[in-house]
Each structure stands twice: as structure tokens, then as C-alpha cells.
Amino acid sequence: MVRFAALKSLYEVEKTIGTGGFAKVKLGTHILTGEKVAIKIMEKECLGDDYPRVRIELEALKSISHHHICKLYQVIETPTHFFMIMEYCSGGELFDHIVEKNKLSESESRMFFRQILSAVAYLHSKGYVHRDLKPENILLDKDLNIKLIDFGLCAKPEGGMETHLQTSCGSPTYAAPELIKGRKYIGSEVDVWSLGVLLFALLCGFLPFDCDTIDSLYKKILSGKYDEPSWLSKESREVIRRMLQVDPSKRIKVEDLLSHSWMTMGCYEPVTFSSLHELQERDEEVIDLMATYYGVSGKAMSQRLGEWRYDYDTATYHLMLARKKQGLPLKINSHH
Ligand SMILES: COc1cc(O)cc(Nc2ccc(C(=O)Nc3ccccc3)c(OCCC[NH3+])c2)c1
């Protein structure tokens, strides 16, 4: 049953799959195509001073489109709520994938890490910093492709990356030393530290900095000292060490990570981060189907979609395109 009038006849709302600080994520169905979606619901009055973060995240998500970042399809704002209609990532959390396998082989870790690095490098190329990279924020789609989520803490430091960001945020376990010190810091390096913690967790199955009290955790992170399991390969140790540098100026840069020997082992090409979506032309077959359904010309439909309003038509277009890519028949449920 639909409890929200704003979603009526557009989406069916099903069970809750995630609850964060000020948001709830429910599974849903986009009625016109029958495709599954994830719906992030935020009650404005509960947002408090997190309200500006929602605006930042929405602006970020509207300007990015990458195959390893969970896609925003539609934004619905009412006087009391925000609804973010997102891509459905049915593979669940990378975290659960690691736990069930205890730890991943070096080559499986490399496959996932290259995709995560591609998403983060793309994000940085757009002038954004995620600032909350942790396994819980890395989902998988049904083909076990990485999908980066939850940009609630992301920032777009004005004037590129060179300015300093003051606010400290994210979970301490993955937080960089300069973030913990509340120091002025240049965002992109914070994400590199979190990537180092992530790669350590993928390869080892446990965390480099993990203590039972926040204080001892902070001390450990600020010391930059962690135990390397003896079975970890020399190359793995080296690349992790380059990311887990306490001094941000000594930390490896994302662009150097892309072609690092650990990333390209097994004769891989350096990691690329250009988006497969952005290069794409608009799909005329989908546009024509939508135009026929709405009884308008293909040109008018294409014009309308080109404004990327993140309304129901934007969602319908993306979901029909996703269906087409899976080789499913393109259909529009006219009776609904
Ligand atoms: C940019 O992507 C974002 C931004 C954001 O602020 C929040 C989210 N949250 C999401 C998006 C999708 C899912 C999802 O599809 N989960 C799922 C679906 C089927 C099976 C299993 C998981 C999501 O899940 C949250 C709970 C995961 N434990 C959160 C994305």
C-alpha cells in the first residue's frame, strides 16, 4: 500500500531495506515499467541542520552519472518530505559479500577495488569528495558490479579541491587522521585514506584500525600503525602503505593510484574513470515508445527529456533503457 500521496500511481512502496540517521530507504516499483527502484525518504522536520546536506547531495547526484555510482532517477519534494528514487542494487552490501567469504582473494579484491577507484576518481574529476567511503556504502548490482551510495556527507569544495573543508564527518573507523584532528584538509586525500582502509578490509577480512573505544581508535589512526598479516603480498602491503600515510601530503594521489602496479597486475589496463553513461547518445527507440505513450512527437519527447528534470519521465527513460540493456522487451504498463 502507498502511504505517501506524492508517490501515488507513480511508485508502489514495499519493505524498508535501510534506515540511516535522517532517512529511510524502501524498495519500490516504478509502475509504468514495472522496474524495481530504491526510494530514499526523508522527513524535512527530522533533518534539522542536515537539511543543507540533502541539497548538496541532490545537486551532486543530478550532475553525475557513472556505471559504478548508484543512479538518481527522480526527486520528489513535498512541503514535508524529500523522496529520492534511486537505482536498485540487488546484490546488497559489499560488506556482507566479504563477511560471507571471510576475505577475498587478491584478484577478486583487485576486481572490486578497481571499480571503486573508478567511481571515486570520476567523483573527484567532477569536483566532489565522498568523505564517507566504507563497505556499507558500497553496494553491488545483480551482476556483482560495484555501486557507490550515500553521498549525504559529500562535499564540493568551492574552487576545486584546493580549498579547505572544515567540517569533520563520516565514521571514525575509515576517517583520515586530518579529519579526526578537525584540521583544515583538502578533501580528495581523505577519500584516498578511506580507500586504503577499504582495500585492507577486502584483502584481510578485518580492519587496520579497530579498537573498542573511540579514543584508542583515534590514537591508533593518528599513529598510522597497523598490523600487516604475514600472508599479505609485498605489492599489497606497499599499495596499502601508500594510501595509509598519516601526513596527507605524503599520501598517494588518486591519479597515481589509477596506474599503480598493484592495480594493473594480471595485465590489466590502468583504471579509467570516464562514465559509460555520459558518452552515450539518447536512445531513440525508448524516446519513440515514450512519445507514442504520451501522444507527442519524438522531437518534443526528446526535447523534454533533454532538460533532465529528474521527474517521472526521467525515471521512465532510464528504467526503460536499463530494461533494454538487459535484453528485456520494452513495455509501458498502460493499464495502471
Ligand atoms: C547515490 O546513491 C545513493 C545515495 C543515497 O543518499 C542513498 C542511497 N541508498 C540506497 C540506494 C539503493 C539501495 C538498494 O538498492 N538496496 C538494496 C536493494 C535490493 C537488495 C538489497 C539492497 C540501498 O540499500 C540500502 C540498504 C542496503 N543494506 C540504499 C544511494
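These legends describe close-up views of the ligand site and the pockets in a predicted model. Residues are numbered from 1 along each chain as its sequence is written, and side-chain values use heavy atoms, without hydrogens or water. In this predicted model, local features need pLDDT of at least 70 and side-chain atom pairs count only at pLDDT 80 or more, while totals for chains, interfaces and linings use all residues.

**View 1. The shell around the ligand.** The ligand is surrounded by 20 residues (a residue is near a molecule if one of its heavy atoms lies within 4 Å of it). Lys40, Glu57, Met86, Cys89 and Glu93 are the closest. The shell holds 13 nonpolar, 2 polar and 5 charged residues. Here Ala, Val, Leu, Ile, Met, Phe, Trp, Tyr, Cys and Pro count as nonpolar, Asp, Glu, Lys and Arg as charged, and the others, Gly among them, as polar.

View 2. A polar contact is a pair of N or O atoms within 3.5 Å. The side chain of glutamate 57 places an N or O atom 2.5 Å from a ligand oxygen. A polar backbone atom of cysteine 89 is 2.8 Å from an oxygen of the ligand. For glutamate 93, a side-chain N or O atom is 2.8 Å from a ligand nitrogen. On its own the ligand has 640 Å² of accessible area, of which the protein covers 88% (Shrake-Rupley method, 1.4 Å probe).

View 3. The ligand takes up the space of the second largest pocket (more than half of its atoms lie within 2 Å of the pocket's grid points). A pocket is an open set of points on a 1 Å grid over the protein atoms alone, where a 1.4 Å probe fits, with protein on both sides within 12 Å along at least five of seven lines; lining residues have an atom within 4 Å of a point. This pocket has about 860 Å³ of space, the volume filled by probe spheres set on the points. Its lining has 34 residues, with Gly18, Val25, Asn137, Ile149 and Asp150 closest to the centre. Strand E2 gives the most, with 4 residues (strands are DSSP runs of at least two residues, helices of at least four). The lining divides into 17 nonpolar, 8 polar and 9 charged residues.

**View 4. The largest pocket.** Its volume is about 1000 Å³. Among its 33 lining residues, Tyr73, Glu87, His277, Ala322 and Lys325 are closest to the centre. Helix H13 (312-325) gives the most to this lining, with 6 residues. By class, 10 lining residues are nonpolar, 10 polar and 13 charged.

Key
Polar contact = N/O pair within 3.5 Å; in protein donor to acceptor, adjacent residues only side chain to side chain.
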